[in-house]
Structures are given as structure tokens and as C-alpha cells.
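These are my notebook entries on a single structure. I set down what I looked up, topic by topic.

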Amino acid sequence: MTQYLGLDLGGTNVKAAIVEQVGGDYGIVTTASSPTNAAGGPEAVAATMVELGRSTIAEGGPVAGVGVGVPGLFDFASGEIVFFTNLPGPWEGFPLRHRIAEGIGVPATLINDAR
């Protein structure tokens, strides 16, 4: 059994889910949501995501990694944001993947939320 945390960064809310993999099957263990705090800029949003991730893990159990759905373009190699369509602030070059991985303590990866 392996569990993963998913975070979905939206303009209004950040959503979280822990998904459990047992063999070839997947199931949702727990979900949570929190206001994004977009007006606070990248640092505040990243802090909100880390806090939500930690509280979701505290409820649902340990995870092997984090997948983060983001609303825009990012550099896959560096994990830095290139452009966000619906979040204010100086996001260009912000190391979101690093902040999430460091704050939660497991590897993280980014994916465009439209995928």
C-alpha cells in the first residue's frame, strides 16, 4: 500500500486529497480544502499549500510524494513558475516545487491542472 498527496492550486481554493494505491487499484483516503490566500502572493500561497498538505497527511497518514496541479506554465526541470493565468503576484521564477517538497518533506512534482 502506497499513498500520495495531490494538491490542486486554484484561484479561490487549494484542494487536497490523499490517494492510496493497493496493487493496481486506487482509492481516496481523505480530502480537504482551504482558501488560496492569493492576494498574499507566492509566499503566502505556498505556505497555505504546505499547511493544507501537512494537515491532510496528519489525518490520512504518511505519503510517498506530492503531485501539484497548477494553473499555468512552469519549468519542469527546475519546478519554477513561468506564468500563472489567474493568480496575482510575482510568480515568475518562484520555486513552487521546492517549497512544497521542502515544507512537506517528500518529493513533489508539478503538472498543469488542465491535464
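Which backbone oxygen lies 2.7 Å from a polar atom of the side chain of Thr 36? I found that it is the backbone oxygen of Gly 10. I counted a polar contact as a pair of N or O atoms within 3.5 Å, where, within protein, one must be able to donate a hydrogen and the other to accept it, and residues adjacent in sequence count only if both atoms are side-chain atoms.

I note that this is a predicted model, in which local features need pLDDT of at least 70 and side-chain atom pairs count only at pLDDT 80 or more, while totals for chains, interfaces and linings use all residues. Residues are numbered from 1 along each chain as its sequence is written, and side-chain values use heavy atoms, with hydrogens and water left out.

I located Thr 36 in the loop between strand E3 (25-35) and H1; helices (H or I, at least four residues) and strands (E, at least two) are DSSP runs, numbered from the N terminus. Thr 36 counts as buried because its relative accessibility is 0%; buried means under 20% relative accessible area, exposed over 50%, and partly exposed in between (1.4 Å probe, protein chains only). Leaving out residues up to four places away in sequence, I listed its contacts (heavy atoms within 4.5 Å): Thr 36 touches Leu 9, Gly 10, Gly 11, Thr 12, Asn 13, Val 14, Val 45, Thr 48 and Leu 87.

I then turned to Asn 37, in the loop between E3 and H1. Asn 37 is partly exposed, with a relative accessible area of 41%. Its phi is positive, about 65°, although Asn 37 is not a glycine. Most residues other than glycine have a negative phi.

**Entry: helix H1**

I checked the length of H1: its 20 residues reach 28 Å from the first C-alpha to the last, close to the 28 Å expected at 1.5 Å a residue. The expected span is 1.5 Å times one less than the number of residues. Among the buried residues of H1 are Val 45, Met 49, Leu 52 and Ile 57. The buried residues of H1 pack against E1, E2, E3, E4 and H2. After H1 comes Gly 61, with a positive phi near 105°.

**Entry: the largest nonpolar core**

I looked up the largest nonpolar core, which has 29 residues; such a core is a set of buried Ala, Val, Leu, Ile, Met, Phe, Trp, Tyr and Cys residues joined through side-chain atoms within 4.5 Å. Leu 5, Leu 7, Met 49, Val 66, Leu 96, Ile 100 and Ile 104 have the most contacts inside this core. H1 gives the most to this core, with six residues. Val 66 touches residues including Leu 5, Leu 7, Ile 100 and Ile 104.

**Entry: helix H2**

Which residues of H2 are buried? I found Leu 96, Ile 100, Gly 103 and Ile 104. They lie on the same side of H2 because they cover an arc of only 85° around the axis, taken from the directions from the helix axis to the C-beta atoms. Their cover includes E1, H1, E4, E6 and E7. Just after H2, Gly 105 takes a positive phi of about 90°.

I found Ser 78 in the loop between E5 and E6. At 30% relative accessibility, Ser 78 counts as partly exposed. Its side chain reaches the backbone nitrogen of Glu 80 at 3.1 Å. The C-alpha atoms of Ser 78 and Arg 97 are separated by 8.0 Å, at 19 residues apart along the chain.
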